[in-house]
Each structure stands twice: as structure tokens, then as C-alpha cells.
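Open the model in your viewer and keep the sequence panel beside it. This tour goes from one selection to the next and says what is there.

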Amino acid sequence: MKQIEEIIRNTTEEEQEKVDWTKAWSTKYPVLATYQKEVDIPKYAAEIRRMFTELQEDYNYSEQDAMLVLKDILAHEYMDNRPKKNKKRK
């Protein structure tokens, strides 16, 4: 975990912008390479844009901060509400 944290700390914005994150993550999560052909993206994009703009206005967040907050809320909603895997007791 420390290696990942160190890479994050040492990666510049310019380096991040060069990465095709969808392509990179699609090697692990194939749906990222195919959803564009299946999902009504404008429908979801409009709602995300509304929430993004609302966060900026309500909390005076920068664009980047609003994006990071939305991503964090989405991640927590997923992690906190997914079905729990049964832990096998020995």
C-alpha cells in the first residue's frame, strides 16, 4: 500500500493527463471498454453535471475539488451498500 501512496504523491498533473485511464482500468474491468456502446451516456452525464455544478456553487469548490468529492461519494456509496461477502469461519 505504501508503494501506491508514494506513486500517487509523486505523480504530477501533467503525467496524469497523459494517461488514458479508461483504457488502463479496462484491462482489469472490461466493462470500461464496452459501456460506451450500450449506455445512454448523455442521460447520466447531464445528472452528473448537475450535481457537479451544484457542489461548486453550494460549497464554493473548484472544478477539481467538486469532481474529487463526487468521485469519493460515489465510491463510498458503492462500498457501503454492496452486498457483503460471507466470511468463512474456521
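Is glutamate 54 buried, partly exposed or exposed? Select it and show its surface: glutamate 54 is partly exposed, with a relative accessible area of 39%. Keep in mind throughout that this is a predicted model.

Salt bridges with shared partners join Glu47, Arg50 and Glu54 into one network.

Arginine 50 forms a salt bridge with glutamate 47, and their closest N and O atoms are 2.6 Å apart. Glutamate 47 and arginine 50 are three residues apart in helix α5, and therefore about one helical turn separates them. Arginine 50 is partly exposed at 40% relative accessible area, and glutamate 47 is partly exposed at 37%. The count of salt bridges comes to two.

Follow the chain to asparagine 60, in the loop between α5 (41-59) and α6 (63-81). Asparagine 60 counts as exposed because its relative accessibility is 71%, and the cut-off for exposed is over 50%.

Go back to helix α1 (residues 2-10) and select isoleucine 8. Isoleucine 8 is exposed, with a relative accessible area of 58%.

Select Glu13, Glu14, Glu15 and Glu17 together. They gather in a patch of negative charge on the surface. Glutamate 14, one of them, sits in helix α2 (residues 13-18) and is exposed at 53% relative accessible area.

For another kind of patch, select Val19, Trp21, Trp25, Tyr29 and Val31. These residues form a nonpolar patch on the surface, with about 500 Å² of accessible area together. Tryptophan 21 is in helix α3 (residues 21-26) and counts as partly exposed, at 44% relative accessibility.

Stay in helix α3 and finish with serine 26. Is serine 26 buried or exposed? Serine 26 is buried, with a relative accessible area of 15%. Leaving aside neighbours within four places in sequence, serine 26 is in contact with Leu32 and Ala33.

Conventions
Residues are numbered from 1 along each chain as its sequence is written. This is a predicted model: local features need pLDDT of at least 70, side-chain atom pairs count only at pLDDT 80 or more; totals for chains, interfaces and linings use all residues. Side-chain values use heavy atoms; hydrogens and water are left out. Patches are made of residues with over 30% relative accessible area and no salt bridge: like charges are joined within 9 Å, nonpolar side chains (Val, Leu, Ile, Met, Phe, Trp, Tyr) within 5 Å. Accessible areas come from the Shrake-Rupley method with a 1.4 Å probe; for residues, only the protein chains shown count as cover. A salt bridge is a side-chain nitrogen of Lys or Arg within 4 Å of a carboxyl oxygen of Asp or Glu. Helices (H or I, at least four residues) and strands (E, at least two) are DSSP runs, numbered from the N terminus. Buried means under 20% relative accessible area, exposed over 50%, partly exposed in between (1.4 Å probe, protein chains only). Lys and Arg count as positive and Asp and Glu as negative; His and the chain ends are not counted. The place of a charge is taken as NZ of Lys, CZ of Arg, CG of Asp or CD of Glu. Contact means heavy atoms within 4.5 Å.
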